[in-house]
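Subject: Structure for your review

Dear colleague,

I am handing over the structure below, and after it I set out what was found. Please read the notes with the coordinates open beside you.

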Amino acid sequence: MVKTVRTVIATHETEGFRKVTSATTIGIMTAAHWTPTYGDPFEPVPYRPARMPAEESLATAADLRRRMDARRTVRMFSTDPVPEQVLVDAIAVAATAPSGAHQQPWTFVLIEDQETKQRIREAAEEEERISYEGRLGDEWLSALRPLGTDAVKTHLTDAPYLIVVFQQRYFLDEDGTKHKHYYVDESVGIAVGMLITALHLSGLAALTHTPSPMRFLGELLERPQNEKAFAVIPVGYPADDCVVPNLVRKSLDQVLIRR
Ligand SMILES: Cc1cc2nc3c(=O)[nH]c(=O)nc-3n(C[C@H](O)[C@H](O)[C@H](O)COP(=O)(O)O)c2cc1C
């Protein structure tokens, strides 16, 4: 049985910002603010997006392939300001990602405050120094050598924004009952992929930075116990003198197998 089409308004709330995305009319949820749906009945709603003509699909895919091939991870950022709304929209894109059991186990903390960025840099560099001085081991250090990275992380203070992504490992309801989240790594990984894609296609550069261990981020940003830092993503424009490692991507025949 088909029910009335309803509108979607996704609300994303983090410490750093609050943003309500525009409503769409494909009909998924009715609430302005998502609440847990454990044990709720299945309520189908129609989903009938207009079908894209094949020629348009082909042109779109080829264009996206070309534009995404031009994406590079940037570690040298300009301090020039960027329009904050681009980041907010990119986070809203990330928050449309598919997730295990639709549990949306992510939080995005958007940081512009220079003092907070400085504190993150100091804590990250402390961990990175220990890592580069031996904790990583020879094999890992050897894998990193072509990237030219070291323990100095200027991008954490140069980039106008940092997005710190947290995974919600579980959910605590109002009674304090713990609910398991499923496929958290996969879900947050997909969301971050969509975030990076949205940022790139909107003209901004990003770095996926994973200082290890990342426990300091939860403490510094006062995130709750159920959240675990997943990545720090500095975002901005590349510096005028930006360079990137000369890397070669695997060719399509190395990654695509047809059966
Ligand atoms: C899960 C993950 C973790 C990463 N961690 C770091 C990091 O901590 N520091 C860094 O400089 N780059 C990091 N990177 C960026 C990779 O080094 C980069 O994506 C890779 O070298 C390919 O370069 P490209 O993104 O320009 O194609 C990470 C990327 C991923 C996907």
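Four strands form an open sheet in the order 3-4-8-7, with antiparallel pairing; two strands count as paired if DSSP finds at least two bridges between them, and helices (H or I, at least four residues) and strands (E, at least two) are DSSP runs numbered from the N terminus. Strand 3 and strand 7 are the edge strands, each pairing on one side only. Helix 2 packs on this sheet, where it touches strand 3, strand 4 and strand 8, and its direction makes about 170° with that of strand 3; axes here are lines fitted to C-alpha atoms, for helices over the stretch in contact, and angles run from 0 to 180 degrees between N-to-C directions. Strand 7 and strand 8 run antiparallel and are joined by two bridges, and A206 has V235 in strand 8 as its bridge partner.

This is a predicted model, in which local features need pLDDT of at least 70 and side-chain atom pairs count only at pLDDT 80 or more, while totals for chains, interfaces and linings use all residues. Residues are numbered from 1 along each chain as its sequence is written.

Helix 6 (residues 184-201) has 18 residues and reaches 26 Å from its first C-alpha to its last, close to the 26 Å expected at 1.5 Å a residue, the expected span being 1.5 Å times one less than the number of residues. Its buried residues, among them V188, V192 and L195, pack against helix 2, strand 3, strand 4, strand 7 and strand 8. A residue is buried if 20 or more other C-beta atoms lie within 10 Å of its own, exposed if 12 or fewer, and partly exposed in between, with C-beta atoms placed from the backbone; contact means that two such C-beta atoms lie within 7 Å. After helix 6 comes G203, whose phi is positive, near 90°.

Some backbone geometry deserves a look. Most residues other than glycine have a negative phi, and most peptide bonds are trans. H102, in the loop between helix 2 and strand 3, has a positive phi near 50°, and H102 counts as exposed because it has 12 C-beta neighbours inside 10 Å. E222, in the loop between helix 7 and strand 8, also has a positive phi near 50°. A cis peptide bond joins S212 and P213, with omega about -5°, and P213 is found in the loop between strand 7 and helix 7 (215-220).

Best regards
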